[in-house]
Amino acid sequence: MGQSSSTAAISSRREINHSHRSKPKSTALISPMLHIEDNEDYQGIIDGCDPDYISELPDECLACIFQSLSSGDRKRCSLVCSRWLRIEGQSRHRLSLNAQADLIPLIPSLFSRFDAVTKLALKCDRRSTSIADDALVLISDKCRNLTRLKLRACRELTDTGMETFAKNCKGLKKLSCGSCTFGAKGMNAVLENCSNLEELSVKRLRGITDVASAEPIGPGVAASSLKTICLKELYNGQCFGPLIIGAKNLRTLKLYRCSGDWDKLLEAVTDHVTSLVEIHLERLQVSDQGLVAISNCLDLEILHLVKTPECTNIGLLSLSERCKLLRKLHIDGWKANRIGDDGLVAVAKNCPNLQELVLIGVNPTKCSLESLATNCKNLERLALCGSDTVGDPEISCIAAKCVALKKLCIKSCPVSDQGLEAIAGGCPSLVKVKLKKCRGVTSDGAEWLRANRESLAVNLDNGEPEQPDASASDGGAQDNGAADIPPPPMPSQMAAAAAAAVAAPSIASGSTNRSSSMKWKLGLLSGRNLVACTLRRWSSGNSNARGS
């Protein structure tokens, strides 16, 4: 009897618990597929649950909710019911597809569901066969409201397909193509039909192989609306000369690793286009003659000179005398020592609005750094990388003079813990410091800096594993509830102990030094992306700040 009653009690408790657990999973709360008439028996139909308010939401509200979700969450929401499937498809404006040849039979059904797509990316693996003209034409017929198109490794597309696409999608505003094989005729078709085109990015366009016999590209009706042109890794990039010259309202020009002599073309461009605000030149055959031509752009605010060894102090001096609105200057001198103190002093005297300065492979001294700190009162971001002349005296000068500096990046410079002591007492606006491959900087020095400036985020990478520190985040130091710990001794106070330790070498320490030296050399080769990542974060932060 006792066993039977116990079993009955357990089963009843299981039924009660099961009923309680199953109530929140009622499909009436999340599924609008069940159609229920408005009557007095509504509560009885759904077994006492609350009304399904989600089914009463207008389609526009659900669309706004879906747009705030991630791609994965949107896919999961589309599986809830037929209504959510329809709304999710109609509210999706951005779509990325694997552009292999077997995509073509799926195109009608895909774009019947996603009929509001305005931004489309078609990417194919290099080892696969991409879609051809028939697929692109079919897509353009289904997506006539397309405003942005990205093509990657679509090697089967020809001029014919691009021409038909351009006629169907005349509202295109942004075109980005890379590793495609169509040629000048296809590009000209886009420029002749898409009168609203604002941004054009071309990388490794395989359809134009011979510069001498290549058909000129542009200007077309799109020249009046173009604001950004970016050319990358083109053997025949100068074929775009007519387009660049004809783009009267061009604001940004980016030229990366394009062959040929660009001095004369830059002269022709700046004679006709004076609205340029941003210019990027990377691994380009350009000299002081080209910099003098760029000086005609009086509204220039951003200039990147990356690995252009023929540019010298003379060209930088001429440019700085006329481009007085310069805000961001990036120079990668490629260890050529052709840009140095003279050019930087000229920039300091003529460009007082400078906010961001990046020097890679350039050897500034205390003279030019002091001039920059004194004259450029708004300098907020400074990066010094691979500079043999930037040591503790130069860092001390920066700490004492750069009162507006917020972010400092130092890489592969002969800086030691003594320089960190100067940073601790200077740069009152500093919020972040990044140190990489500076052999004289130790973990103890970084810890001391964190302890003495708790609001400062210190990021140290000296090739050794380091314990994460709460104060290394942008939010500053965090209280972990531990007792107050006195800051470690200053690095200079540990010099005697360090010298004593070095005075007793051993075989193991010798091998460790050799290993550390080899790691440092390898780190120089593998750490080139630090500055690029840092600047992208800075730039995105500034863009968000300007947008707000």
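Q: How do you know which residues of H3 and H5 meet?
A: In this predicted model, contact requires heavy atoms within 4.5 Å, and by that criterion Asp59, Leu62, Ala63 and Phe66 of H3 meet Arg83, Trp84, Arg86, Ile87 and Glu88 of H5. The residues of this contact divide into 5 nonpolar, no polar and 4 charged.

Q: Why is H3 called roughly perpendicular to H5?
A: The axes of H3 (residues 59–67) and H5 (residues 82–90) come within 9 Å and cross at roughly 65°. Angles of 65 to 115 degrees count as roughly perpendicular, and H3 is therefore described as roughly perpendicular to H5.

Q: What is the hand of the crossing in which H3 passes H5?
A: The crossing of H3 with H5 is right-handed, a term that applies if the near helix is turned clockwise from the far one by less than a right angle.

Q: Why is H13 called roughly parallel to H14?
A: For H13 (residues 313–322) and H14 (residues 341–350), the axes come within 8 Å and cross at roughly 5°. Because angles under 35 degrees count as roughly parallel, H13 is placed in that class relative to H14.

Q: Which residues make the contact of H13 with H14, and how do they divide by class?
A: On the H13 side the contact is made by Asn313, Leu316, Leu317, Ser320 and Glu321, while H14 contributes Asp342, Gly343, Leu344, Ala346, Val347 and Asn350. By class, this contact has 5 nonpolar, 4 polar and 2 charged residues, with Gly counted among the polar ones by definition.

Q: What makes a space in the structure a cavity, and how many are there of 30 Å³ or more?
A: A cavity is a set of points where a 1.4 Å probe fits but cannot get out, and the structure holds 2 cavities of 30 Å³ or more.

Q: What makes up the lining of the largest cavity?
A: Its lining includes Leu305, Thr308, Pro309, Asp332 and Arg338, and the lining residues divide into 6 nonpolar, 3 polar and 2 charged.

Q: How many residues of each class line the second largest cavity?
A: This cavity is lined by Leu357, Leu369, Leu372, Ala373, Leu379, Leu382, Ile398 and Cys402. Because Leu, Ala, Ile and Cys count as nonpolar, the lining has 8 nonpolar, no polar and no charged residues. Helix H15 (residues 366–375) gives the most to this lining, with 3 residues.

Notes:
Residues are numbered from 1 along each chain as its sequence is written. This is a predicted model: local features need pLDDT of at least 70, side-chain atom pairs count only at pLDDT 80 or more; totals for chains, interfaces and linings use all residues. Side-chain values use heavy atoms; hydrogens and water are left out. Axes are lines fitted to C-alpha atoms, for helices over the stretch in contact, and angles run from 0 to 180 degrees between N-to-C directions. Helices (H or I, at least four residues) and strands (E, at least two) are DSSP runs, numbered from the N terminus. Angles under 35 degrees count as roughly parallel, over 145 as roughly antiparallel, 65 to 115 as roughly perpendicular and the rest as oblique. On a 1 Å grid over the protein atoms alone, a cavity is a set of points where a 1.4 Å probe fits but cannot get out, and a pocket is an open set with protein on both sides within 12 Å along at least five of seven lines; lining residues have an atom within 4 Å of a point. Grid points are joined across faces, edges and corners, and a volume is the space filled by probe spheres set on the points.
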